[in-house]
Amino acid sequence: MPSHYINGFLTVVFGGSTGVEVSTVVASATVGNQAYKRLHPAWAYKTELICAGVIAGVTLLFGSALGGFLFAFEVIARRYNKTLLISGLTSMALASVFVYYLDASPLFKFEVKAWRWQAIPFVAILGLIGGILALYFTKTVIYAKSYFAGIKSNFIRVNLGAITVGTFIFFLPVLYGDSYHGLGEVLKSSLHDSVNLLYFLPLILLVLLKPFVASLTLGAGGDGGVFAPSIVTGTLLGVLFAQLCNHYLGTQLVVINFALFGAAAMLSAAIHAPFTAIFIIASLVPSGYLLLAPLLISSFIAKTLAKKLYPYNVYTYKEVATAR
């Protein structure tokens, strides 16, 4: 159980361009699996216990009880029954108590602004772009894992990945680790800095390179997944899209709002779980639930397009699948 915590922590701390979310979820799912194996009365409730662990992990990570609950049903269980609902709601309630007393503050402090129906066409276009970008991420992860799997020497595989990822981080420090620190700076600068070609170029590079560097990290053996890279890439995409529209089309799109729409689109398309994406992204900022309607639109458009183009979910847990 602690191996994923340790490996995920070391991967991110030393610069691996992924996040600790998957490591935490797999470890918490293992808690449920071990309970199933060791407690005889629990033998009839294997999936329930695994989902309970997953719900607790996601709820504590993002401070979103509904996000954790929906993730377990959309991605792990993929079915509903009375015992799953009871165990899920119990885990969600207990995890919410921990969030409330330990750390209920959102990841970012930016206040969202009211949205207008005139922005819906732009939200839909962003959802389509997010779905295509998620497909690019999916294909890159698959190719990177296939390429690195062909390298027989663990020493060469790990160090090739480390050197390559480190080189990208040297030139673009925002790519370091889960990138949440750099993302906050990008969001802050988007509210104040003047917009010109030099502003757009780094954003374009980050949108294209974050999925690529995350894929290199995972392919070379880093412990992590697509949660943080998807959220970061989608947020950067939303900022880039809104600023391009405002600068060249004369629109007045709210940048922070579109940053969240992009994050929801990318995460939804990557894990094929639109409801999970909506509530997790809404919990990242204060008053994020004011944007539920456009978040819903961007998430479903991105997920629908991504699933149509490539029906397989990049977000798979071999450990969880085996446990089930």
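**Aromatic pairs, core and surface of the predicted model**

Trp 115 is partly exposed, because its relative accessibility is 23% (buried means under 20% relative accessible area, exposed over 50%, and partly exposed in between, with a 1.4 Å probe and protein chains only). Trp 117, at 63% relative accessibility, counts as exposed. The model is predicted, so local features are reported at pLDDT of at least 70 and side-chain atom pairs at pLDDT 80 or more, whereas totals for chains, interfaces and linings use all residues. Residues are numbered from 1 along each chain as its sequence is written, and side-chain values rest on heavy atoms, without hydrogens or water.

The aromatic residues make a friendly place to start. How many aromatic pairs does the structure hold? There are 15 aromatic pairs (rings of Phe, Tyr and Trp, the last by its six-membered ring, with centres within 6.5 Å; planes under 30 degrees apart are stacked, over 60 edge-to-face, and the rest tilted). One of them joins Phe 71 and Phe 227, and this pair is tilted because the planes meet at 50°, with the ring centres 5.6 Å apart. Phe 71 sits in helix α4 (residues 65-77) and Phe 227 in helix α10 (residues 227-248), so the pair links parts of the chain 156 residues apart in sequence (a helix is a DSSP run of H or I with at least four residues, numbered from the N terminus). Both partners are buried: Phe 71 has 0% relative accessibility, and so does Phe 227, at 0%. In the pair of Trp 115 and Trp 117, the arrangement is edge-to-face, with 4.8 Å between centres and 65° between planes. Phe 71 and Phe 227 also belong to one aromatic cluster together with Phe 62.

The largest nonpolar core has 90 residues, and the members that touch the most others are Val 54, Phe 71, Ile 231, Phe 258, Ile 281 and Leu 295 (a core is a set of buried Ala, Val, Leu, Ile, Met, Phe, Trp, Tyr and Cys residues joined through side-chain atoms within 4.5 Å). Helix α11 (residues 255-271) gives the most to this core, contributing 14 residues. In soluble globular proteins, nonpolar side chains tend to be buried together. What does Leu 295 touch, leaving aside residues up to four places away in sequence? Its partners are Leu 260, Phe 261, Ala 264, Ile 278, Ile 281, Ala 282 and Gly 288 (contact means heavy atoms within 4.5 Å).

Two further buried residues lie in helices. Gly 88 is part of helix α5 (residues 82-102) and is buried, because its relative accessibility is 2%. With residues up to four places away in sequence left out, Gly 88 touches Ile 55 and Phe 69. The C-alpha atoms of Gly 88 and Ile 55 are 6.9 Å apart in space, although the two residues are 33 apart in sequence. Ala 77 belongs to helix α4 and is likewise buried, with a relative accessible area of 3%. From Ala 77 to Ile 278, which is 201 residues away in sequence, the C-alpha distance is 19 Å.

Ser 179 occupies the loop between α7 (154-171) and α8 (180-192). Is Ser 179 buried or exposed? Ser 179 is buried, since its relative accessibility is 1%. Its phi is near 70°, a positive value in a residue other than glycine. Ser 287 also has a positive phi, near 60°, and is found in the loop between α12 (274-282) and α13 (292-309). Ser 287 is partly exposed, with a relative accessible area of 40%. Asn 196, in the loop between α8 and α9 (197-219), is partly exposed at 33% relative accessibility. Asn 196 and Leu 244 are 48 residues apart in sequence, with 9.6 Å between their C-alpha atoms. Gln 118, in the loop between α5 and α6 (120-149), is exposed at 61% relative accessibility. Its C-alpha atom is 33 Å from that of Val 174, 56 residues away along the chain.

At the surface, a nonpolar patch is formed by Tyr 5, Ile 6, Phe 9, Leu 10, Val 13, Phe 14 and Tyr 176, which together have about 710 Å² of accessible area (patch residues have over 30% relative accessible area and no salt bridge, and nonpolar side chains are joined within 5 Å, like charges within 9 Å; areas use the Shrake-Rupley method with a 1.4 Å probe, and only the protein chains shown count as cover; a salt bridge is a side-chain nitrogen of Lys or Arg within 4 Å of a carboxyl oxygen of Asp or Glu). Tyr 5 lies in helix α1 (residues 2-13) and is partly exposed, with a relative accessible area of 41%.

Methods: Helices (H or I, at least four residues) and strands (E, at least two) are DSSP runs, numbered from the N terminus.
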